[in-house]
Structures are given as C-alpha cells and as structure tokens.
Amino acid sequence: MGAQTEIVRLIRLKKADYVVTLKKNHPTLYKQVKTWFETARSNQFGGIEVSEDSRTEKAHWSLD
C-alpha cells in the first residue's frame, strides 16, 4: 500500500492500526519526518503516545 492521503484518511476513520512507508524520493517530507523522529527520540518521546511491534518472518522457500 502506498502513502496515499485518501487511503490513510479512510484507515484513520476506522481507527485501525497502520504503517505507512516513506521513501527518500520525497526529500522534503522525508527530511521533515526524520527530523521529527530525531527530536522525539532525543526527548525520549515525552508527551507522545507510542507503541511498538516487532515481527520476524521465516525464510520464504521456492519450489523452482
């Protein structure tokens, strides 16, 4: 799923969890988001509600 504004808006309306990827080919937005996270991290995310989820997938096998 891409970082499309309308898609994200609909997901948020449903109060669903989501992850949006942001690539470096959007340099201005990428820099703004990177700076935000750097600042938040240096403040230990004070005043910001955060959650974390980590998943590790096993290797995918091919029958070729």
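In this predicted model, helix α2 gives the most to the lining of the largest pocket, contributing four residues. Helix α2 spans 27–42, and it is joined by α1 (5–13), each of the two supplying at least two residues of that lining.

The space within the largest pocket is about 890 Å³. Its lining counts 19 residues, and those nearest the pocket centre are Y18, V20, W36, F37 and E49. By residue class, the lining of the largest pocket holds 13 nonpolar, two polar and four charged residues.

W36 counts as partly exposed because its relative accessibility is 42%, which falls between the 20% limit for buried and the 50% limit for exposed residues. W36 also takes part in a nonpolar patch on the surface, together with L29, V33, F37, I48 and V50. The accessible area of this patch comes to about 530 Å².

Turning to the chain as a whole, buried residues make up 5% of its 64 residues. The chain exposes about 6,900 Å², of which 53% is supplied by carbon and sulfur atoms.

Conventions
Residues are numbered from 1 along each chain as its sequence is written. This is a predicted model: local features need pLDDT of at least 70, side-chain atom pairs count only at pLDDT 80 or more; totals for chains, interfaces and linings use all residues. Side-chain values use heavy atoms; hydrogens and water are left out. On a 1 Å grid over the protein atoms alone, a cavity is a set of points where a 1.4 Å probe fits but cannot get out, and a pocket is an open set with protein on both sides within 12 Å along at least five of seven lines; lining residues have an atom within 4 Å of a point. Grid points are joined across faces, edges and corners, and a volume is the space filled by probe spheres set on the points. Ala, Val, Leu, Ile, Met, Phe, Trp, Tyr, Cys and Pro count as nonpolar, Asp, Glu, Lys and Arg as charged, and the others, Gly among them, as polar. Buried means under 20% relative accessible area, exposed over 50%, partly exposed in between (1.4 Å probe, protein chains only). Accessible areas come from the Shrake-Rupley method with a 1.4 Å probe; for residues, only the protein chains shown count as cover. Patches are made of residues with over 30% relative accessible area and no salt bridge: like charges are joined within 9 Å, nonpolar side chains (Val, Leu, Ile, Met, Phe, Trp, Tyr) within 5 Å. A salt bridge is a side-chain nitrogen of Lys or Arg within 4 Å of a carboxyl oxygen of Asp or Glu.
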